[in-house]
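Okay, thanks for coming, everyone.

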Amino acid sequence: MPRTTDRLPFPYRSEAGVLAQRLAALQGALDWTAAATQAAPWVRAVRENPPPFWAMESLLKEYPISSAEGLALMRLAEALLRVPDAETAIALTADQLGRADFDGAADSTLARLSSTAIAMSKHFLPQAGSEPGLMVKLGAKSVVAATLRAVQLLGRQFVLGQTIEEGMKEAASARKRQSNLSFSFDMLGEGARTDTDALRYLASYRNAIAAIARTADPKRAPSQNDGISIKLSALHPRYEDAQHERVMRELVPRVWQLCEGAAAANLNLTIDAEEVDRLELSLEVFEALAKLVAQHCPQWQGFGLALQAYQTRAVELIEHVAALGRQYQLKFMCRLVKGAYWDAEIKRAQELGLPAYPVFTQKPHTDVSYLACAQALLNASDAIYPQFATHNAGTIAAILNMAMATGPHAPPLCGSLPPEGAQAGLGRPGAGLPKFELQRLHGMGAVSCRVYAPVGAHRDLLAYLVRRLLENGANSSFVHQLADESVGMDELLLSPLEQSKPGALMSSLPLPPDLYGQARPNSLGLDLAVIAHRQPLLAAHTALVVPSVPEASAADAQAAVAKAVQAFADWNHTPVAERAATLRRAAYAMQLQLPRLCALLVKEAHKGWGDAVSEVREAIDFLRFYANDAERVMAPQTLPGPTGESNTLRMEGRGAWVCISPWNFPLAIFAGQVAAALATGNTVLAKPAEQTPAIALEAVKLLHAAGVPAEALQLLHGPGETVGASLVAQPGIAGVVFTGSTQVAKIIQRALAAKDGPIIPLIAETGGINAMLVDSTALPEQVADAVVQSAFRSAGQRCSALRLLCVHEAIADGVIEMIEGAAKELVAGDPSDLATDLGPVIDAEAFGGITRHVQRLRTDAQPLLDSRLATHAQPHVIAPQMFEVPSIGAVTQEIFGPVLQVVRWGGDPMAVVQQINALGYGLTLGIQTRIDSRALALAGAARVGNVYVNRNMIGAVVGVQPFGGEGLSGTGPKAGGPNYLLRFCAEQTLTINTTAAGGNVALFTG
Ligand SMILES: Cc1cc2nc3c(=O)[nH]c(=O)nc-3n(C[C@H](O)[C@H](O)[C@H](O)COP(=O)(O)OP(=O)(O)OC[C@H]3O[C@@H](n4cnc5c(N)ncnc54)[C@H](O)[C@@H]3O)c2cc1C
């Protein structure tokens, strides 16, 4: 169904193009020199009379976040408050402060910790003036206590109170010091993972609105009353575009309850702006609510939302919102911010391989955009009441300057806004209500009028606090520069318009497609939250008929091997550059066919859309990576030796390789194995999994069309027991590369060993009992995300998937509850539906096997999730399963499905890793801890191929996280790594006696 946000511009546009439009729109609208002149005295005043937030600024100046000390400070601020056990709190503090150098720390750990605590508390604790000697004696616990106190004080800098009542009391006393202040209260908390959390946040918003309403005057305009800011991600556990229908059905009524309360008291209720991939959804929720406002309380002018100027389509968003206002005959309050998730947006675009960034990549560009947006807001005054939220004096002065040009305005709601601003012609006092307002965050200076005031318990503060630290610590941040006296006035108030002129700045950030620089293009991905990106996928799915692939017989296999052996010489003698170019052509063709290949993965392998896109990208990356690497590895190397001879090491193919790939990555692993063998000059007999031959056939067709000779790459579809076994048994083959179960790898190994003739190399990548170790410094939300993705994404059918969660006993109850709650929100069913998280497992046999394991666990272990097995009309669907087991040793087999086993641990984490090692597998390990030295030590002790710290443990990227394990998990070398191709090569040294003709010319003439 078309959505109203379809009309919004594409988010991934050329930054230069958009910037040129913004600069053009501002031409003549703004006199920057006048603005800078106006801002200069404010800057001087702040510098001469530092506001309270200076303490943190000067700390950040002393210990920038880019330094070990600054990072330690941020890490402690993020984690220390939530650590429940003293032992771990000491370990964390020692780890972070131990390697930072606060104020010339002394030698012993204790002394260093103590002096550190003093160094920190010096900045925060007014009474901290005691002698270091005294502190040294107090011991580690006291240091932790002092550090904890410092962090709490840091938090208090930004949080008005722990409850709404406390916050309102603080607000009242602030108003005594500065009349005309108003507040927008924000109940801390974001990103609910469970419905219980979402309902808790809903209750706290409701309670806050009721409290604010008690002090508000409904006869006053919303701009004159205090208000509330809400985050939609706090109010629904699946607030994401893929869950569009459910969000509209469930979230809209929740927010409407809040709107009704706010409207009754005539308060301002603002929906905060969050990540870009939620923008369309947020606008649709906003529109649905606007419709309700228009029906039920059209007189209410307090409904609003925040918009981020760092988005390249910010101006169009404003036009969209203004159009909605006109359509529903409402006036919205629109808070303009620059945007708080810049680093996360950049990372997401790079990870997804998007064509461009959705945000500007240069700070002055965001500043220019902010001004262009301000202009657009001022021009839309019939439908929008603008609220400018910034701490940048230059930006504020520029807005005042533009506002004057736009027409007479009453002064903004702000008693202490720089008086020059109000007097400089903004309007005559008493000219009615102000036409816009200025806003700031609590803790950030004393100017401007509406204060965004977070309220909440310490536990909920952390994510917010880190965002503030990051923002204020950034070199480009205005407040950071303001606090740095070495930054002169001219530099501080440089015109962003001048800085953004063509050629003025060079972006050091590569676009996502150029992430790997000259080496190779990054594969292009899609943003499934964008309609224009997912439409081709859905169209391809509708049009696709899965081709049938004829089965080969054992005799066919024999004939194919003979052909491949014969074709070897020609392909091996084809220059490596030519072979590499062929693979690159195939990669290019694959990129063009991405929608069709994704559709095939969904239909044939039951992949979800996100997994399908990642898989096609991985296949493209493999083709390009091995093309490059073959050129590197196969270049002849001159070796040192005695004079009078030349020594060269050369690589070539080994012969005909059998490539046997699994159904769980039927394109990526298939293409990876085949590309590695082909790139190094081998011919290939490719046997795909029986369940997924069609996608393999497509890949083979693409490679043939790109120039791989038909005899150099032959596809043999059929059962492993006949076709696979026959291929492996043929005398002519030169190697086998296999990905699949440990049992089948063993069968292949034995078959190869039993053959006469040469010893055949085998590369086997098999399964694992992959564990994640979580200590009590970990962030439960991050753990829940990582666990749910690692254990249940792709219905748990990844070699790398999480099977065994080991969680510290001090936090186990809460973490398990959160994971259960998040897992309950997952949707199992038809994989072609974008809303589906878990499709069916691959076939009836897999379903039967997993079901039997689940039945066994129901008696042997403690069931955690109350989910039944196949609850869906779709066959072979298994809802997420979780069981608590008594010990790590109780887990003996890999269950290749969405089944997670959980164990609690206490004591030494190293002992946990040793027990994991003892399972004998060695593929992936997740570690969740904020103690960096612990993460490194655990990774060092783990006998596994891939370790992931503080993230999920799936989705290895070619060339970035080469993939493969040890022990029962495989032979190595790692796929997508720099050592993989070597195993496919035969090595030859060529030694030429250059003195054979009679003398050593080189020595005489050299
Ligand atoms: C009242 C209030 C409410 C807020 N509500 C929200 C909200 O709902 N959603 C939200 O996202 N933020 C919100 N914020 C936070 C806001 O986005 C940041 O505080 C703001 O970006 C800081 O901007 P500044 O003008 O004060 O500082 P400046 O120092 O002038 O600007 C810093 C900003 O520039 C941008 N930036 C930094 N580096 C780059 C770069 N290399 N390329 C491009 N841009 C860059 C970032 O947006 C950064 O935050 C709110 C802020 C206030 C004051």
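So, a nitrogen atom of the ligand sits 3.4 Å from a polar backbone atom of Phe360, which counts as a polar contact here, meaning a pair of N or O atoms within 3.5 Å. Quick background: this is a predicted model, where local features need pLDDT of at least 70, side-chain atom pairs count only at pLDDT 80 or more, and totals for chains, interfaces and linings use all residues. Residues are numbered from 1 along each chain as its sequence is written, and side-chain values use heavy atoms, with hydrogens and water left out.

Who's around it? There are 31 residues around the ligand, and Glu471 is among those that come nearest, along with Gly339, Thr366, Thr390 and Phe478; "around" means a heavy atom within 4 Å. Strand β7 supplies at least two residues of that shell, and so does α14 (strands are DSSP E runs of at least two residues, helices H or I runs of at least four, numbered from the N terminus).

Now, is β7 covered or not so much, and how many of its residues are buried? Mostly covered: 5 of its 5 residues are buried, that is, under 20% relative accessible area with a 1.4 Å probe, protein chains only. On one side you find Glu437, Gln439 and Leu441, on the other Leu438 and Arg440.

Conventions
Buried < 20%, exposed > 50% of the residue type's maximum accessible area, 1.4 Å probe, protein only. Polar contact = N/O pair within 3.5 Å; in protein donor to acceptor, adjacent residues only side chain to side chain.
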